[in-house]
Amino acid sequence: MDNKKLKEIMKAQGYTIEMLSLISKIPVGTLSKIISGITSNPGYETMSAIAKALHCSLDEFSGRPVLIPYDYEEYLRRFKLLPTCQKEYIKYVIDLEYDRMIHLQNDKKISLRCYEFTNIVDGWAELDSAKTHNVTVDKNLLTDSCTFLVWLRTDLLEPKFFKNSVLGFQRNEGQRPKSGEIWIVLHNGLLFIGRFYKSHERFILKSLNGTIDDISATDYSQYRRLGLYAGCVDVPELTNEKTAFGQD
């Protein structure tokens, strides 16, 4: 019995000793001795009750890897409740993205400049707040088309882009935007990511999170296009849970 592992499982699921005691029907005092390591070899029935309350196997208390991460269990529960057609669509997306990931992997690497903006309010990012990182990524058609990357440290662009996504952009100020394209734009010294739309023979630029007023794309004096969105780039050194570049 590894008491440290038990504490990790409890922490991952947000359990306190009192909560675990209530669900498992094991006295708080007994649990405290097990968790602190005073009782190093609890009985089978006690540990079985704890495992049942934590929805885990007894093997996990001795260090066996978790079969399904605890934060995935809720997604699995929701998945089971979906209609069959929706389940098939989700499986299709997973298979598609997995195949794409395998296809893009190779031994060739390239280095790209990645920007992280530390001061973002309502979707606006201060240009002066940028931190820069040189990152190494797989060389493929997507990364070859990227001039620079932007590491999103905010959830303001969800559900289009999720927190910690790394977006690849192609610098091409001379290219006229097309309807539906996503660009990163500089406006009055502030940056935001928006999508161009054609409306009644005129182009407008809309922010992705809906908190910024539309900008007329016909008046180039109001904004400066910095880069065309090319796609999300896999940068493990940034997006892994433990990263060398700051903390959540």
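## The cavity

A cavity is a set of points, on a 1 Å grid over the protein atoms alone, where a 1.4 Å probe fits but cannot get out. Grid points are joined across faces, edges and corners, and a volume is the space filled by probe spheres set on the points. This is a predicted model: local features need pLDDT of at least 70, side-chain atom pairs count only at pLDDT 80 or more, and totals for chains, interfaces and linings use all residues. Residues are numbered from 1 along each chain as its sequence is written, and side-chain values use heavy atoms, with hydrogens and water left out.

The structure holds one cavity of 30 Å³ or more. The largest cavity has a volume of about 180 Å³. Its lining comprises 18 residues, and the closest to its centre are Gly 123, Ala 125, Leu 152, Leu 157 and Ile 193. A lining residue has an atom within 4 Å of a point. Strands are DSSP runs of E, at least two residues long, and helices are runs of H or I, at least four, numbered from the N terminus. β5 (148-151) and β8 (190-199) each supply at least two lining residues. β8 gives the most, with three.

By class, the lining has 14 nonpolar, four polar and no charged residues. Ala, Val, Leu, Ile, Met, Phe, Trp, Tyr, Cys and Pro count as nonpolar, Asp, Glu, Lys and Arg as charged, and the others, Gly among them, as polar.

The axes of α1 (residues 3-13) and α3 (residues 28-36) come within 7 Å and cross at roughly 115°. Axes are lines fitted to C-alpha atoms, for helices over the stretch in contact, and angles run from 0 to 180 degrees between N-to-C directions. α1 and α3 are therefore roughly perpendicular (65 to 115 degrees). Asn 3, Leu 6, Lys 7 and Met 10 of α1 make the contact with Ile 34, Ile 35 and Ser 36 of α3. Contact means heavy atoms within 4.5 Å. By class, this contact has four nonpolar, two polar and one charged residues.

The axes of α2 (17-24) and α4 (residues 44-54) come within 9 Å and cross at roughly 105°. That makes α2 roughly perpendicular to α4. Leu 20, Ile 23 and Ser 24 in α2 meet Ala 49, Ile 50, Ala 53 and Leu 54 in α4. Six of these residues are nonpolar, one is polar and none is charged.

## Salt bridges

The whole structure has four salt bridges (a side-chain nitrogen of Lys or Arg within 4 Å of a carboxyl oxygen of Asp or Glu). One of them joins Lys 5 and Glu 8, with the closest N and O atoms 3.8 Å apart. The two residues are three apart in helix α1, so about one helical turn separates Lys 5 from Glu 8.

## Backbone exceptions

Most residues other than glycine have a negative phi, and most peptide bonds are trans. Lys 25 has a positive phi, near 65°. Lys 25 sits in the loop between α2 and α3. The peptide bond from Glu 158 to Pro 159 is cis, with omega near 5°. Pro 159 lies in the loop between β5 and β6 (166-170).

Notes: Parallel < 35°, antiparallel > 145°, perpendicular 65-115°, else oblique. 1 Å grid on protein atoms, 1.4 Å probe; cavity = no way out; pocket = protein on both sides within 12 Å on 5 of 7 lines; lining within 4 Å.
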